[in-house]
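Student: I have a model open and want to go through its fold. Can you walk me through it?

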Amino acid sequence: MASTLSSKIQRSAIVLSSAAVRTPTRSAVSSAAALRRAISAPTRGLVTSQNRVLSGQPAPSCSLQTKSYLKSPRQVQTRWNSDDASSTKLQQWGFEDITAALPTSTPNSPNHKPIILIDVREPAELKGTGIIPSAVCIPLASQPDALYLTPDEFETRFGFAKPDPTESEGEPAQMVFYCKAGVRAKTAAQMAVQAGYDPANIGVYMGSWLDWERNGGKVEKWEGDDF
């Protein structure tokens, strides 16, 4: 009887010992599996020192991302159009108009409307080409304020009287601007209007010096000084 009891006690001890040994192993395996699932699952409610993720939203991926930059829309360049600078219509002069209006020494020549020819090229250009007879030089690039000067200031700077169409006898004279190809001449004429000159007395020789030379117009040597 005692021997049988002892045998039962030993078997129970062995069973308990076996159970005690197997239990930590299952717990360890379960813990490892749970850890793997936690790592592989998307992180929710994670708060770090740099980014805060709202609860219920997946955390941002830590993979490297390449930023894409949108190209700015192409800028359309518009060329400034001198026709838009002023709505004033200026009279356009041609070669025949200039030729007919130039002073002449012929007694029987018909009388024409008086004209004030203004060459707006630079002195260095005039030395190389000459000027249209009777023209005066008021360079646009180096003296853009010329027509805004008072008569005394103008004469001190240029050495001749400031053009004034209303001072001519009879009807007012025409101030006709020209340059090499007409671009500067048109700008100078518009500036004259802005300076207070009557648009009715302002004209532009659109062909300018190139047209004058091409048509064999008379040329006068320019002996003025640099301004």
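Tutor: What follows goes from the chain overall to the sheet and then to its strands. Keep in mind that this is a predicted model.

Student: How many helices and strands are there in the protein chain?

Tutor: The protein chain has six helices and five strands. Along the sequence they follow the pattern α-β-α-β-α-β-α-β-α-β-α.

Student: And in what order do the five strands sit in the sheet?

Tutor: The order is S1-S5-S4-S2-S3, in an open sheet with parallel pairing. S1 (91-93) and S3 are at the edges with a single partner strand each, so one side of each has no neighbour in the sheet.

Student: What holds paired strands together in general?

Tutor: Strands of a sheet pair through backbone hydrogen bonds, and the pairing can be parallel or antiparallel.

Student: Let's take S2. Is it mostly covered or uncovered?

Tutor: Mostly covered. S2 spans residues 115-119, and four of its five residues are buried.

Student: How many bridges join S2 to S4?

Tutor: Five bridges join S2 to S4, residues 174-178, and the two strands run parallel. Within that pairing, leucine 117 has valine 176 of S4 as its bridge partner.

Student: Which strand S3 residue is the bridge partner of isoleucine 118?

Tutor: That is valine 136 in S3. S2 pairs with S3 (residues 136-137) over two bridges, in the parallel sense.

Student: What kind of unit do S2, H3 and S3 make?

Tutor: They make a β-α-β unit, and it is right-handed. Helix H3 covers residues 123-129.

Student: Back to valine 176. What is its bridge partner in S5?

Tutor: In S5 the partner is glycine 203. Valine 176 is also the bridge partner of leucine 117. S4 and S5 (residues 202-205) run parallel, joined by three bridges.

Student: Which helix lies across S4 and S5?

Tutor: Helix H5, residues 183-194, lies across both strands and runs at about 175° to S5.

Student: Change of topic. How much of the protein chain is buried?

Tutor: Buried residues are 28% of the 227 residues. The accessible surface is about 16200 Å², and carbon and sulfur atoms account for 54% of that surface.

Student: And what share of the contacts joins residues at least 24 apart?

Tutor: The share is 63%, counted among contacts between residues at least 6 apart in sequence.

Methods. Residues are numbered from 1 along each chain as its sequence is written. This is a predicted model: local features need pLDDT of at least 70, side-chain atom pairs count only at pLDDT 80 or more; totals for chains, interfaces and linings use all residues. Side-chain values use heavy atoms; hydrogens and water are left out. Buried means under 20% relative accessible area, exposed over 50%, partly exposed in between (1.4 Å probe, protein chains only). Two strands pair if DSSP finds at least two bridges between them. A crossover is right-handed if, with the strands pointing away from the viewer, the path from the first strand over the helix to the second runs clockwise. Contact means heavy atoms within 4.5 Å. Axes are lines fitted to C-alpha atoms, for helices over the stretch in contact, and angles run from 0 to 180 degrees between N-to-C directions. Accessible areas come from the Shrake-Rupley method with a 1.4 Å probe; for residues, only the protein chains shown count as cover.
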